[in-house]
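Let us work through this structure by asking and answering in turn. Please keep the sequence and the 3D view open while you read.

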Amino acid sequence: MRLIQACLIAISMYSKIPVPRVEWKEKNMKYAMCFFPVIGVVIGICMYLAGTFLLRHTSCSPLFLGAALTLIPILISGGIHLDGLMDTADALSSYADREKKLAILKDSHAGAFAVLWMGCYLLWSTAVYSEVTVEMLPGLSCIFVLSRALSGFSVVTFRAAKDSGLLKTFQDRAQRKAVRVVMVFWMLAALCFLAWMDVQKCLVAAACAGVIFAYYRHMSRVRFGGITGDLAGYFLSLCELFTATGMVLAGGGVWN
């Protein structure tokens, strides 16, 4: 029962999927982060089904396909991670000191750089997904599990930039060792499925995700003194975009 409640907390926090309301007690939150990648599974399945339907049963244009596949993760997640992308864009573009950057992350207003970054992100995402074929869809669907597993791993591993906030709450109440083990399991499951589909694409996905993860760790430590919920969302958004880009551009293998 406690694990079910933990799963419901994770789904209600990080998606727009309707679930029964659960009280945020410490005992319910210990393993909540373990279920974060479940949302990635839901997104991946929806991406696969929608992409397969559009490519096999309609005559939609590549632009329509790209736009539809770009919107699905946003609609399911509620855009919570893109909010982190926008806040981080404003903070990084300010070139201010660490305290000012952290203050910008908390500001609910979107600055010019946030809007510019979001426009570029959506344009790039639409372009990438407009190149997708039916054969690519199963592998690409794994990206959403992999990105959340890495993001969840960082939450219980990296230092928090602040002593308060939602991320700090999850850190303090999580059973960190157990969450790390479960996140590694999710990562390996996603990569094993990718390897089963195509070893080349698995290596590309692992390399892209690994590079973005290393950048995220270095940037958050140097620029902010640790991670926040916004930075975790920033990483997740970039991880999905760059990994999808690498897999689409790689070519070769059974997907062609």
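Q: Is H109 buried or exposed?
A: This is a predicted model, in which local features need pLDDT of at least 70, side-chain atom pairs count only at pLDDT 80 or more, and totals for chains, interfaces and linings use all residues. Residues are numbered from 1 along each chain as its sequence is written, and side-chain values use heavy atoms, with hydrogens and water left out. A residue is called buried under 20% relative accessible area, exposed over 50%, and partly exposed in between, using a 1.4 Å probe and protein chains only. Because the relative accessible area of H109 is 61%, this residue is exposed.

Q: Where does H109 lie?
A: Helices here are DSSP runs of H or I with at least four residues, strands are runs of E with at least two, and both are numbered from the N terminus. As for its own place, H109 lies in the loop between α6 (98-106) and α7 (112-129).

Q: Which radius of gyration does the chain have, and why does it agree with a compact globule?
A: The radius of gyration is taken over C-alpha atoms, and the globule rule is 2.2 Å times the number of residues to the power 0.38. For 256 residues this rule gives a value near 18 Å, so the chain agrees with a compact globule. Its C-alpha atoms fill a box of roughly 50 × 45 × 30 Å along the principal axes, and the radius of gyration of the chain is 18 Å.

Q: What percentage of the 256 residues in the chain is buried?
A: The chain exposes about 12,200 Å², of which carbon and sulfur atoms supply 66%, with areas from the Shrake-Rupley method and a 1.4 Å probe, where for residues only the protein chains shown count as cover. Among the 256 residues, the buried share is 51%.

Q: Which residues is K101 in contact with, leaving aside its neighbours within four places in sequence?
A: K101 is found in helix α6, and its relative accessible area of 7% makes this lysine buried. The C-alpha atoms of K101 and D90, eleven residues apart along the chain, are separated by 8.3 Å. Contact means heavy atoms within 4.5 Å, and with those sequence neighbours left aside, the partners of K101 are A91, S94, Y95, A96, R223 and F224.

Q: Which residues is G225 in contact with, once its neighbours within four places in sequence are left aside?
A: G225 is found in the loop between α12 (199-224) and α13 (229-250), and at 11% relative accessibility this glycine counts as buried. With those neighbours left aside, G225 is in contact with R98, R159, A160, A161 and S220.

Q: How many disulfides does the chain have by the rule used here?
A: A disulfide is a pair of cysteine sulfur atoms within 2.5 Å. The cysteine sulfur closest to that of C142 belongs to C202 and is 9.0 Å away, so it is too far for a bond. Likewise, C208 is in no disulfide, with the nearest cysteine sulfur, that of C239, 8.8 Å away. By this rule the number of disulfides is zero.
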